Amino acid sequence: MSSLTDCRRLGLLIVMWILAAQAHGAAEPAAAIQDSDTERKPLFTVIPGYPKVARRDRIEGEVQVCFDITRDGRTRRIAVRKSSHRVFEKPAIRAIRASTYEPLPDDASSTGIKTCRTFRFSLEPVVTETAQ
């Protein structure tokens, strides 16, 4: 149940970030994030920047990046699983590398299952509905 609350919080933070960017006249479009099911809670999530070349050429796309999470919450073995355009791969990998997750307690065991995150790069701001 707490992971549902965390998902709602993350969605709300993304919406707030988009609205703040629009209010300040930011020209950079947003990238929406979708995580695969994982029990690990994100501590710090980095949203990748929209590549200037893709914005100039009006390219939109999606990248799915899979990775392992270490016991101390860092990401490793980062690899692109699917990509609609190569221009979005490096920003997505850098975002995963800079993101962190909640460390595991000493008595907890690690599942060893890969986690995947999908980034959607859209020229139009992404607005998600939040349940109340």
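## Close-up views of a predicted model

**View 1. The disulfide of C66 and C116.** The link between C66 and C116 is right-handed, with 95° about the S-S bond. This comes from a predicted model. The two sulfur atoms of C66 and C116 are 2.0 Å apart, and the residues form a disulfide. The structure holds one disulfide. C66 belongs to strand β3 and C116 to strand β6, so that the bond links distant parts of the chain, 50 residues apart. C66 counts as buried because its relative accessibility is 7%, under the 20% cut-off. C116 is buried as well, with a relative accessible area of 8%.

View 2. The relative accessibility of Q64 is 15%, so Q64 counts as buried. Neighbours within four places in sequence are left aside in this view; beyond them, Q64 is in contact with A79, V80, R81 and K82, and also with C116, R117 and T118. One of these contacts, C116, is a partner in the disulfide with C66.

**View 3. The tilted ring pair of F67 and Y101.** The structure holds four aromatic pairs. In one of them, F67 and Y101 are tilted, with 6.0 Å from centre to centre and 45° between the planes. F67 lies in strand β3 (residues 61–69) and Y101 in strand β5 (residues 100–101), so the pair ties together parts that are 34 residues apart in sequence. Both F67 and Y101 are buried.

**View 4. The stacked ring pair of F88 and F121.** F88 and F121 form an aromatic pair that is stacked: the centres are 4.4 Å apart, and the angle between the planes is 15°. F88 sits in the loop between β4 (75–83) and α3 (89–98), whereas F121 is in strand β6 (residues 115–121). The pair links distant parts of the chain, 33 residues apart. F88 is buried, as is F121.

**View 5. The ring cluster of Y50, F88 and F121.** Y50, F88 and F121 are linked into a cluster by ring pairs.

How values were computed
Residues numbered from 1 in each chain as written. Predicted model: local features only at pLDDT ≥ 70, side-chain atom pairs only at ≥ 80, totals over all residues. Heavy atoms only, no water. Phe/Tyr/Trp six-rings, centres within 6.5 Å; stacked < 30°, edge-to-face > 60°. Helix = DSSP H or I, 4+ residues; strand = E, 2+ residues; numbered from the N terminus. Buried < 20%, exposed > 50% of the residue type's maximum accessible area, 1.4 Å probe, protein only. Contact = heavy atoms within 4.5 Å. Disulfide = S-S within 2.5 Å.
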